[in-house]
Amino acid sequence: MALKVAIVGLPNVGKSTLFNALTKTAAAQAANYPFCTIEPNTGDVAVPEPRLNQLAEIAGSKEIIPARITFVDVAGLVRGASKGEGLGNQFLANIRDCDAIAFVARCFVDDDITHVENRIDPIGDLEIIETELMLADLESLERRRVQVEKRAKGGDKESQLTLKMIDLALEPLRAGRPARVAEVSKEDKKAWEMLQLLTALPALYVANVDEGSADKGNELSETVAQRARADGAETVVISAQIESEIAVLDDAEQAEFLETLGLEEPGLNRLIRGAYTLLGLQTYFTVGPKEARAWTIPVGATGPQAAGVIHTDFEKGFIRAETVAFDDYVALKGEAGAREAGKLRAEGKSYVVKDGDVMHFLFNG
């Protein structure tokens, strides 16, 4: 499944610097003035997965194919964006087809980098962005409600369900809260997602700190972490400047550089893990001499659903999945050893896939 995360923030908080580091490109022009990002930049990034390399080595796989995540660098929003201020509504539209939003908050002081609000207040920054997204959702829903209500009164079942979802979203929005706080039943989930609400998207808060605070954060990033906990969101502390320096180093140089900073891994790894946790995602593997590959699935996915990520025909014709837990695959040196030790299991349609499962699907096709 393709995963897409929008990187959102006020101008000059380090969004484009972070994006450039994440994608190891200079596709987004990082500059010290508002709106240097005119068009939304997108970049595909390999999901860091050390287990994949272990599996490939054991199986002698010729190719390693990691799962991928797409980041969308959206132009800096400003106060009044929902009414067309700055570069306005066109950028709000770029967020709608994403799976989650990474709110980047400036948690560093640097007199050489201007702030569009002329102050350093990460919580204030987050509130401006959240408010603009709420206002955009509110305006969109109130405009749609008039037409939907007419059709619903005429007996149209689909419109009646849509109207129910609109009213469910309007309640928190009118109270100044994001739509994601609304309680949506499992049966209504699809209709809810069809509203494409900006504030219904899961939120990940990224505290962009100075280089000296990259390992433990600072007072400003702690305020962001507290806000995230209150909102039920994930939070990640990152120094975009450090990430941009790491991006141009090879693996050995990266490890050495990170060690000097007291860091165990690049911020990218933490950011992607945060997104996975936020969206309730996990990884399973397919391994063979041709390739070792990582696949992303929701936590709780069954065997047929996991197979469907590879191809819809695999899900439709699913018979069973030969499955080995990652630890068993490594300890027993591969599929043959696992089979011999009785650790290779034949799982049916009701099997709930676990993170790290190594799977081979049998299907009617």
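D73 is buried at 0% relative accessibility, where buried means under 20% relative accessible area, exposed over 50% and partly exposed in between, with a 1.4 Å probe and protein chains only. The model is predicted, so that local features need pLDDT of at least 70 and side-chain atom pairs count only at pLDDT 80 or more, while totals for chains, interfaces and linings use all residues. Residues are numbered from 1 along each chain as its sequence is written, and side-chain values use heavy atoms, without hydrogens and water.

**Salt bridges**

A salt bridge is taken as a side-chain nitrogen of Lys or Arg within 4 Å of a carboxyl oxygen of Asp or Glu, and the count by this rule is 19. Three of them are tabulated here.

| Pair | N to O distance |
|---|---|
| K15 and D73 | 3.3 Å |
| R96 and D137 | 3.8 Å |
| R293 and E291 | 4.0 Å |

K15 belongs to helix α1 (residues 15-23) and D73 to strand β4 (residues 68-73), so their pair ties together parts that are 58 residues apart in sequence; helices (H or I, at least four residues) and strands (E, at least two) are DSSP runs, numbered from the N terminus. K15 is buried too, with a relative accessible area of 5%.

**Strand β10**

Strand β10 (residues 318-324) has 5 of its 7 residues buried. It pairs in the antiparallel sense with strand β12 (residues 358-363) over 6 bridges, pairing being called when DSSP finds at least two bridges between two strands. F363 in β12 is the bridge partner of F318.
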